[in-house]
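Student: Hi, I'd like to walk through this model together. Could you help me get my bearings?

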Amino acid sequence: RMLEAKFGPLVPVEEATGGSLRGPATELRFADGRGRIGFIPTVGQPFCASCDRFRLTADGKLRSCLFSLDEVDLRGPLRAGADDDALADVLRGAILAKGPGHEINTAAFRRPERSMSAIGG
């Protein structure tokens, strides 16, 4: 409502952008065509059960979730000359270790040491 009050009406975007499958964002566009905006409501509408994303941090770590406490080092093996098979093993291990969700709305939730903005997200 605040955006519409300042910039005009927003309408839902129906098609996927960038030639890819629709991601977790709810996309809206300004009715006058000036741009788009997307919201990812991970707390209010978690999509953990269907999430297949991993994030590569700016310092070479792989995270299975923006809220993950664990990171898998890819930079170390790459700098040590790991071949494709060794890197595939590291990635496979990270995928198998991916948890069921971020637990933000539970008492078990612990905030990661590095926030999304600190990892390049």
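This is a predicted model: local features need pLDDT of at least 70, side-chain atom pairs count only at pLDDT 80 or more; totals for chains, interfaces and linings use all residues.

Student: Got it. Which strand pairs with S3, and over how many bridges?

Tutor: Strand S2, residues 26–30, pairs with S3 in the antiparallel sense over four bridges. Two strands count as paired if DSSP finds at least two bridges between them. Threonine 26 has its bridge partner in S3 too, namely phenylalanine 39.

Student: And what about the turn between S2 and S3: which residue takes a positive phi there?

Tutor: That is glycine 33, with a positive phi near 85°. The hairpin of S2 and S3 has five residues between the strands.

Student: In what order do the strands of that open sheet run?

Tutor: The order is S1-S2-S3, with antiparallel pairing. Strand S1 (10–12) and strand S3 (36–39) each have a single partner strand, so one side of each has no neighbour in the sheet. On average, neighbouring strands of this sheet are turned by 35° against each other, direction ignored. The axes behind that angle are lines fitted to C-alpha atoms, for helices over the stretch in contact, and angles run from 0 to 180 degrees between N-to-C directions.

Student: Zooming out, how many helices and strands are in the chain?

Tutor: The chain has four helices and six strands, following the pattern α-β-β-β-β-β-β-α-α-α along the sequence. These are DSSP runs numbered from the N terminus: helices are H or I with at least four residues, strands are E with at least two. Of the 121 residues, 19% count as buried.

Student: So where do the other strands go, and in what order?

Tutor: They form an open sheet of three strands in the order S4-S5-S6, with antiparallel pairing. Strand S4 (55–56) and strand S6 (72–73) are the edge strands, each pairing on one side only. S4 and strand S5 (residues 61–63) pair over two bridges, and leucine 56 stands opposite leucine 62 in S5.

Student: New topic: how many salt bridges turn up in the whole structure?

Tutor: The search finds five. A salt bridge here is a side-chain nitrogen of Lys or Arg within 4 Å of a carboxyl oxygen of Asp or Glu. One of the five joins arginine 63 and glutamate 71, whose closest N and O atoms are 2.9 Å apart. Arginine 63 is buried at 2% relative accessible area, whereas glutamate 71 is partly exposed at 29%.

Student: Which residue does aspartate 32 meet in a salt bridge?

Tutor: Aspartate 32 meets arginine 34, at 2.6 Å from N to O. Aspartate 32 is partly exposed at 48%, and arginine 34 is exposed at 55%.

Student: And which residue does aspartate 89 bridge to?

Tutor: Aspartate 89 bridges to arginine 92, with the closest N and O atoms 2.8 Å apart. Both lie in helix H3 (residues 84–96), three residues apart, about one turn of the helix. Aspartate 89 is partly exposed at 49%, and arginine 92 is partly exposed at 48%.

Student: Last one: which residues lie nearest the centre of the largest pocket?

Tutor: Those are Cys65, Leu66, Phe67, Ser68 and His102, out of 37 lining residues. The lining divides into 19 nonpolar, seven polar and 11 charged residues.

Key
Residues are numbered from 1 along each chain as its sequence is written. Side-chain values use heavy atoms; hydrogens and water are left out. Buried means under 20% relative accessible area, exposed over 50%, partly exposed in between (1.4 Å probe, protein chains only). On a 1 Å grid over the protein atoms alone, a cavity is a set of points where a 1.4 Å probe fits but cannot get out, and a pocket is an open set with protein on both sides within 12 Å along at least five of seven lines; lining residues have an atom within 4 Å of a point. Ala, Val, Leu, Ile, Met, Phe, Trp, Tyr, Cys and Pro count as nonpolar, Asp, Glu, Lys and Arg as charged, and the others, Gly among them, as polar.
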